[in-house]
Amino acid sequence: MDRNRLQHQVACMRRSLFDQGYLDEPFIQLEELQDDANPNFVQEIVTLFYTNSARLIQNIEHALNSRPIDFNKLDDHMHQFKGSSSSIGAKKVTNECTVFRDYCSAENAEGCSRSFQQVKQEYAILRRKLEVYLQMVRQAAVSQTA
Amino acid sequence: MAPAFPSGDDWTNFGIGGRPNYKRFSFRDIVLRNRLTALVVDGVNFCRMVEEGFLRACGVETQGVDNGDAAVELIASGAKFDLIVIDMYLPILDGLETTRRIRAMGTRCKMVGVSASFSERDGQAFLAAGVDALSEKPLSPEILVPILRELDGQYSSI
């Protein structure tokens, strides 16, 4: 594909990720950490985010399925997940984490379960979009060096 | 060659969600005149990598540990830092107790307490334990850069 068109597509997709509220300012800060000394920083950090998130989601699921539910532990796990989503600028995911924590502090198990489905859904959507976006970025970079 | 993301200039064409364009505060805005060192204490390795990345981008020599015990041991062994960034929730020894112990050892450096979110009570407790400032994650340049400038200035005025 023509290099300029690729770059334009990358810029458009990036704009929509921000305009539609999937990503926020912290993601821009992370992009600025990528340079020739750290050429793959964004991909590395995003991959670490996925690994981290998978672990935390598993911990939350386990805590939600325990009887009785330990709401303190549940809140701790979600607090960590919220911290990492906000650190990558995952705006919608972070917002759903806040909703979950409200149910958690009210010790509302059903509310927690429902909002956790929302958290997982937003995370899955973001992950898909990020994977597509970063693949396009890589393609554009390859076309620049060609 | 590193993949190039749309640059800051591109935001003049693609403003975020129609917001008016403004000069963004970046971690690369600061130029330190002195050698500064920092310790990041965060049990979530992804968050620690982000925090260390931001500090290094500012030109700060940065180390990271993933629990409170390791932080206390490091300082007890004589390591000195100009800045400590510490998460409230830490495995093994929590952020509050870690801060108290670091202060009890006579450490007077700047400490910034971080957390995904702070309740009024948590924030007050963290300050009472000995941190100088609080920041919700992620560490923003608006909070970090003025602190680094202040620390850099302290060296310059000696």
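Which residues does Asp87(B) touch, not counting residues up to four places away in sequence? They are Val41(B), Asp42(B), Gly95(B), Val114(B), Ser115(B), Phe126(B) and Lys137(B). The model is a predicted one.

Asp87(B) is part of strand E3 of chain B. UniProt, in an unreviewed entry, places the feature "modified residue: 4-aspartylphosphate" at Asp87(B). With a relative accessible area of 3%, Asp87(B) falls under the 20% limit and is therefore buried. One of its contacts, Lys137(B), is also its partner in a salt bridge, in which the closest N and O atoms are 3.1 Å apart. This pair links distant parts of the chain: Asp87(B) sits in strand E3 of chain B, while Lys137(B) sits in the loop between strand E5 (133-136) and helix H6 (141-156) of chain B, 50 residues apart. Both Asp87(B) and Lys137(B) are buried. Asp42(B) joins Asp87(B) and Lys137(B) in a network of salt bridges.

**Chain B as a whole**

Chain B has six helices and five strands, which follow the pattern α-β-α-β-α-β-α-β-α-β-α along the sequence. Of its 158 residues, 52% count as buried. Among contacts in chain B with a separation of 6 or more, 65% come from residues 24 or more positions apart. The accessible surface of chain B is about 7400 Å², and 50% of this belongs to carbon and sulfur atoms. An unreviewed UniProt entry lists residues 37-152 of chain B as "domain: Response regulatory". That span is 47% helix and 22% strand, and its end C-alpha atoms lie 11 Å apart.

**Helix H3 of chain B**

Helix H3 (residues 68-76) of chain B has the buried residues Gly68(B), Ala71(B), Val72(B), Leu74(B) and Ile75(B). Because these residues cover an arc of only 160° around the axis, they are on the same side of H3(B). They pack against strand E1 (37-41), strand E2 (61-65), strand E3 (83-87) and helix H4 (95-104) of chain B. Glu73(B) and Ala76(B) are exposed, on the face of H3(B) turned away from its buried side. At the start of H3(B), a side-chain oxygen of Asn67(B) comes within 3.0 Å of the backbone nitrogen of Asp69(B). Gly78(B), which follows H3(B), has a positive phi, near 110°.

**Salt bridges**

Side chains of opposite charge can pair when their charged atoms come close. Over all chains, the structure holds 16 salt bridges, including the following.

| Pair | N to O distance |
|---|---|
| Lys120(A) and Glu61(A) | 2.5 Å |
| Glu97(B) and Arg100(B) | 2.8 Å |
| Asp87(B) and Lys137(B) | 3.1 Å |

In chain A, Lys120(A) belongs to helix H6 (residues 109-145) and Glu61(A) to helix H3 (residues 41-65), so the pair ties together parts that are 59 residues apart in sequence. Lys120(A) is partly exposed at 23% relative accessible area, and Glu61(A) is partly exposed at 29%. Glu97(B) and Arg100(B) are three residues apart in helix H4 of chain B, and so are separated by about one helical turn. Glu97(B) is partly exposed at 25% relative accessibility, as is Arg100(B) at 39%.

**Contacts of Ser84(A)**

Ser84(A) lies in helix H4 (residues 71-88) of chain A and is buried, with a relative accessible area of 0%. Apart from neighbours within four places in sequence, Ser84(A) is in contact with Phe49(A), Asn52(A) and Leu56(A), and with Val44(B), Phe46(B) and Cys47(B).

Methods:
Residues are numbered from 1 along each chain as its sequence is written. Chains are lettered from A and ligands numbered from 1 in the order in which they are written. This is a predicted model: local features need pLDDT of at least 70, side-chain atom pairs count only at pLDDT 80 or more; totals for chains, interfaces and linings use all residues. Side-chain values use heavy atoms; hydrogens and water are left out. Buried means under 20% relative accessible area, exposed over 50%, partly exposed in between (1.4 Å probe, protein chains only). Helices (H or I, at least four residues) and strands (E, at least two) are DSSP runs, numbered from the N terminus. The arc is that of the directions from the helix axis to the C-beta atoms. Contact means heavy atoms within 4.5 Å. A polar contact is a pair of N or O atoms within 3.5 Å; within protein, one must be able to donate a hydrogen and the other to accept it, and residues adjacent in sequence count only if both atoms are side-chain atoms. UniProt positions are given in the numbering used here, feature names are shortened, and annotations may be inferred rather than shown by experiment. Accessible areas come from the Shrake-Rupley method with a 1.4 Å probe; for residues, only the protein chains shown count as cover. A salt bridge is a side-chain nitrogen of Lys or Arg within 4 Å of a carboxyl oxygen of Asp or Glu.
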